Amino acid sequence: MKILFTTAILAMASLFSFADDSCNNFWAVVSPDGNYIYFSSTMNGSNYEIYRTDIDGTSNLMRLTYSEE
């Protein structure tokens with residue numbers, strides 16, 4: 001479990017390194033099966049949206065919600 005947690009933290013750190021200064025990323029959680037990281041971000045505007053990425057934090061980024069601006 002420690003390895004999974006450490007991997008998730010490192011993955012999130014690498015994911016956030018791609019964001020610019022105007023982007024906020026919060027509330028990251030690892031899926032129960034340990035394959036995905038879910039988080040909230042403002043990377044596509046001013047509203048927070050929910051995203052999913054693979055556990056490595058860089059592969060298969062997918063936007064899951066689309067709120068109105």
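Leaving aside its neighbours within four places in sequence, which residues is Ser 31 in contact with? They are Tyr 36 and Tyr 38, where contact means heavy atoms within 4.5 Å. This is a predicted model, so to speak plainly about cut-offs: local features need pLDDT of at least 70, side-chain atom pairs count only at pLDDT 80 or more, and totals for chains, interfaces and linings use all residues. Residues are numbered from 1 along each chain as its sequence is written, and side-chain values use heavy atoms, with hydrogens and water left out.

**Overall layout**
- The protein has 1 helix and 4 strands; these are DSSP runs numbered from the N terminus, with helices being H or I of at least four residues and strands E of at least two.
- Starting at the N terminus, the order of elements is α-β-β-β-β.
- Buried residues make up 29% of the 69 in the protein, with buried meaning under 20% relative accessible area, exposed over 50% and partly exposed in between (1.4 Å probe, protein chains only).
- Take the contacts between residues at least 6 apart in sequence: 21% of them join residues at least 24 apart.

**The sheet**
- The 4 strands make an open sheet in the order S1-S2-S3-S4, with antiparallel pairing.
- S1 and S4 (62–63) are the edge strands, each pairing on one side only; two strands pair if DSSP finds at least two bridges between them.
- S1 is joined to S2 (residues 36–41) by 4 bridges, and here Val 29 stands opposite Tyr 38 in S2.
- S2 also pairs with S3 (residues 49–54), over 6 antiparallel bridges, and Ser 41 stands opposite Glu 49 in S3.

**The S1–S2 loop**
- The hairpin of S1 and S2 has 5 residues between the strands, and Gly 34 takes a positive phi near 80° there.
- Ser 31 sits in this loop and counts as buried because its relative accessible area is 9%.
- A polar atom of the Ser 31 side chain lies 3.3 Å from the backbone nitrogen of Asn 35.

**The surface**
- Trp 27 lies in S1 (residues 25–30) and counts as exposed because its relative accessibility is 59%.

Note on methods:
A polar contact is a pair of N or O atoms within 3.5 Å; within protein, one must be able to donate a hydrogen and the other to accept it, and residues adjacent in sequence count only if both atoms are side-chain atoms.
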